[in-house]
Protein chains: 2
Amino acid sequence: MRVAGVMSGTSLDGIDVAIIEINGRRITTIGFQSTPYSPAARRAILAVSNTTTTTAAISRLNFQLGELYARAVQRACRRYGPVELIGCHGQTIYHEGGANTLQIGEAAVIAERTGVPVVSDFRPRDIAAGGQGAPLVPFVDCLLFGHPRRTRIALNIGGIANITVIPSGIAFDTGPGNMVIDALTREYTNGRQKFDRNGRIAAQGKLNRPLLDRLLADPYYRRQPPKSAGREQYGAEFVARLKQTGLPLPDLIATATVLTAASIAMAAAPFHPDELIVSGGGAHNSQILAHLAAFLPGVALAISNDYGIDVDAKEALAFAILAYRTWRRKPSNLPSATGARQPVILGKINL
Amino acid sequence: MRVAGVMSGTSLDGIDVAIIEINGRRITTIGFQSTPYSPAARRAILAVSNTTTTTAAISRLNFQLGELYARAVQRACRRYGPVELIGCHGQTIYHEGGANTLQIGEAAVIAERTGVPVVSDFRPRDIAAGGQGAPLVPFVDCLLFGHPRRTRIALNIGGIANITVIPSGIAFDTGPGNMVIDALTREYTNGRQKFDRNGRIAAQGKLNRPLLDRLLADPYYRRQPPKSAGREQYGAEFVARLKQTGLPLPDLIATATVLTAASIAMAAAPFHPDELIVSGGGAHNSQILAHLAAFLPGVALAISNDYGIDVDAKEALAFAILAYRTWRRKPSNLPSATGARQPVILGKINL
């Protein structure tokens with residue numbers, strides 16, 4: 001069965017579509033494509049994510065996003081061929097873990113435009129079962145990377161970094177991923193670069209050890225999981241405090257890069273992994289990978305591409321796999337990761 | 001298969017649950033129960049239906065209503081026995097016919113609490129297919145009351161009155177149902193009575209013919225279908241204008257009662273029905289029924305109970321039938337009623 005997975009994250013970059021082929025337990029990536037949001041779409045999403053809005057704005061945006069998702073899938077299918085099922089995460093406009101969550105992007109519109117069944121709205125059922133409604137990808141990590149004897153850790157370095165310990169299914173945010181590095185890079189390049197391509201700026205800077213030690217003293221890094229790091233934790237305020245040190249920006253970028261790697265290593269080490277499998281934007285940053293290797297001697301370092309999973313496509317691909325599970329009437333939350341009372345079948349099916 | 005249908009309308013009275021048994025083409029009503037909304041629930045729904053709100057309020061209410069729906073279904077099942085499928089209309093908090101629509105009441109919560117699959121969110125797919133997303137009940141009218149030779153009209157007298165011509169499937173709002181009578185009755189009884197029980201007040205009043213003629217001159221009643229009457233069309237302003245006539249309230253109630261019957265008759269007569277099958281609250285008002293009989297000589301007058309469909313349960317029952325259609329992967333919109341380009345499978349399935 002050929003399945004498309006559609007993901008659009010809170011960074012509002014745009015819509016990622018991954019197309020996979022599922023043959024029993026074998027999963028093959030067929031293709032991956034990103035469609036950026038227009039500035040108008042980004043503004044409309046931010047408007048309803050703010051404090052006050054109108055029910056009309058949400059209702060309209062729900063249908064508009066459905067059209068955008070449909071077009072992104074159709075674009076990917078023109079390039080990679082047709083699919084028989086679509087899994088769409090939707091755009092999160094509100095999330096209170098364990099209490100409620102709201103994703104929009106009307107799946108009935110996607111189903112009608114494409115003529116293909118759509119599974120959507122994956123998080124509410126886990127919350128109804130007592131879970132946080134997140135994270136959902138660790139289930140897919142266990143499915144993709146499970147090994148009979150080896151302990152593996154799937155590491156995703158997005159804005160925030162998170163790990164899934166396999167096979168135990170323990171999953172949590174380790175701390176910053178790229179978002180501090182990205183913010184400092186935008187500052188350093190006057191907005192010309194959105195991220196530190198392959199860690200080049202970090203490589204020119206100098207690690208400031210006292211600053212790193214101070215940052216790593218944050219009790220978050222020592223707290224036992226489950227735990228999750230909000231985007232606000234490493235947002236504008238965090239970056240402003242770094243700049244107050246007066247250090248040159250390349251040094252700050254170098255230090256933030258080591259902070260990402262060090263906090264990941266602190267989180268991973270207690271599980272004594274045999275292997276670390278990296279995905280997400282951070283997998284392109286060889287500085288982060290080099291520091292990880294140094295901090296975790298004896299741990300084999302791989303990127304998910306080594307296992308046939310494009311590092312950029314993993315999240316979108318995950319929602320294709322979750323949709324397939326639902327289609328087959330199989331549960332796909334991981335209670336060890338979300339805190340749910342039991343495994344449940346996620347999502348809503350639009351025929 | 002035993003199926004529960006859950007309906008809560010814009011009048012915010014509460015949650016109606018109908019339980020039916022479907023055996024091939026035979027549909028039997030097992031039971032019907034209403035659970036009123038608490039004043040707090042009613043206030044919360046009104047708050048998000050108003051001009052400005054917060055995304056948080058909508059997200060929270062979505063989950064809270066899910067819990068209320070689940071409890072209403074569980075209460076009905078304790079009385080009438082278990083069900084294998086639930087169809088839940090949800091609470092409409094925004095609707096722009098043909099463009100977008102927003103029903104809340106998280107179906108994942110209902111499915112999780114009851115352990116029974118839930119079909120929800122029936123309207124968006126019809127809109128995606130170019131329809132108005134309403135009315136959806138005419139499809140069920142045709143299914144329930146279709147006859148090989150007779151032309152029947154299913155008439156529902158709720159706040160607004162609407163008819164479905166069977167078998168043609170033409171369906172539209174005829175004008176006021178009970179809402180003008182209800183408002184005048186609350187006024188006359190200082191809020192002690194919410195409706196004119198069995199038309200008793202109307203029976204004591206005197207029809208004012210010139211006023212009736214003036215009201216019937218509204219071009220709405222002569223306009224060709226498709227057409228729909230908003231609740232605002234017969235709301236506070238309409239009632240205020242009636243009171244400005246200075247006529248005694250029982251006379252106004254009598255005249256409003258005849259207006260309801262006359263506008264229905266004007267809408268129904270051109271289709272030359274053999275039979276009129278009445279449901280909704282207005283079916284309890286013998287004054288309306290008597291006027292209908294007088295205005296439509298030669299048309300057999302029945303209430304839906306005569307066909308095994310409780311007049312109060314019909315809407316909730318309709319969503320049980322629509323859910324069953326979706327479960328069986330069958331379309332259930334009526335393009336002649338909604339304006340959709342083609343029949344589509346409505347709703348989202350929560351397993």
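Predicted model: local features only at pLDDT ≥ 70, side-chain atom pairs only at ≥ 80, totals over all residues.
Local features here need pLDDT of at least 70 and side-chain atom pairs count only at pLDDT 80 or more, whereas totals for chains, interfaces and linings use all residues. Residues are numbered from 1 along each chain as its sequence is written, chains are lettered from A and ligands numbered from 1 in the order in which they are written, and side-chain values use heavy atoms, with hydrogens and water left out.

**View 1**

**View 2. Strand S1 of chain B and its two partners.**
Helices (H or I, at least four residues) and strands (E, at least two) are DSSP runs, numbered from the N terminus. Two strands pair if DSSP finds at least two bridges between them. S1(B) and S2(B) pair in the antiparallel sense over six bridges, and one of the bridges links B:Gly5 to B:Ala18. These two strands form a hairpin with six residues between them, and in the turn B:Leu12 has a positive phi of about 60 degrees. With strand S4 (residues 85-88) of chain B, S1(B) pairs in the parallel sense over four bridges; here B:Ala4 has B:Ile86 as its bridge partner. Is S1(B) mostly covered or uncovered? Six of its six residues are buried, where buried means under 20% relative accessible area, exposed over 50% and partly exposed in between (1.4 Å probe, protein chains only). B:Arg2, B:Ala4 and B:Val6 lie on one side, with B:Val3, B:Gly5 and B:Met7 on the other.

In soluble globular proteins, nonpolar side chains tend to be buried together. A nonpolar core is a set of buried Ala, Val, Leu, Ile, Met, Phe, Trp, Tyr and Cys residues joined through side-chain atoms within 4.5 Å. The largest one in this model has 76 residues, and A:Phe122, A:Phe319, B:Phe122 and B:Phe319 have the most contacts inside it. Strands S1 and S2 and helices H5 and H12 of chain A, together with those of chain B, each supply at least two residues. Apart from this core lies another, of 65 residues, including A:Tyr37 and B:Val116. Leaving aside neighbours within four places in sequence, B:Phe319 touches several residues, among them B:Gly5, B:His89 and B:Phe122.

Helix H1 covers residues 39-49 of chain B, and B:Ala41, B:Ile45 and B:Val48 are buried in it. Seen down the helix axis, the buried residues fall within an arc of 70 degrees, so they line one face; the arc is that of the directions from the axis to the C-beta atoms. They pack against helix H2 (55-80) of chain A, as well as helix H2 (55-80) and strand S5 (91-96) of chain B. The face turned away from the buried side carries the exposed residues B:Pro39 and B:Arg43.

**View 3. A five-stranded sheet in chain B.**
This open sheet has the order S10-S9-S8-S11-S12, with mixed pairing. Strands S10 (171-176) and S12 (300-303) stand at the edges with a single partner strand each, so one side of each has no neighbour in the sheet. The twist averages 25 degrees from one strand to the next. Angles run from 0 to 180 degrees between N-to-C directions, and axes are lines fitted to C-alpha atoms, for helices over the stretch in contact. Strands S8 (152-157) and S9 (160-166) run antiparallel and are joined by six bridges, including the one between B:Ile157 and B:Ala161. Helix H10 (residues 249-268) lies across S8, S9 and S10, at about 150 degrees to S10(B).

Notes
Contact = heavy atoms within 4.5 Å.
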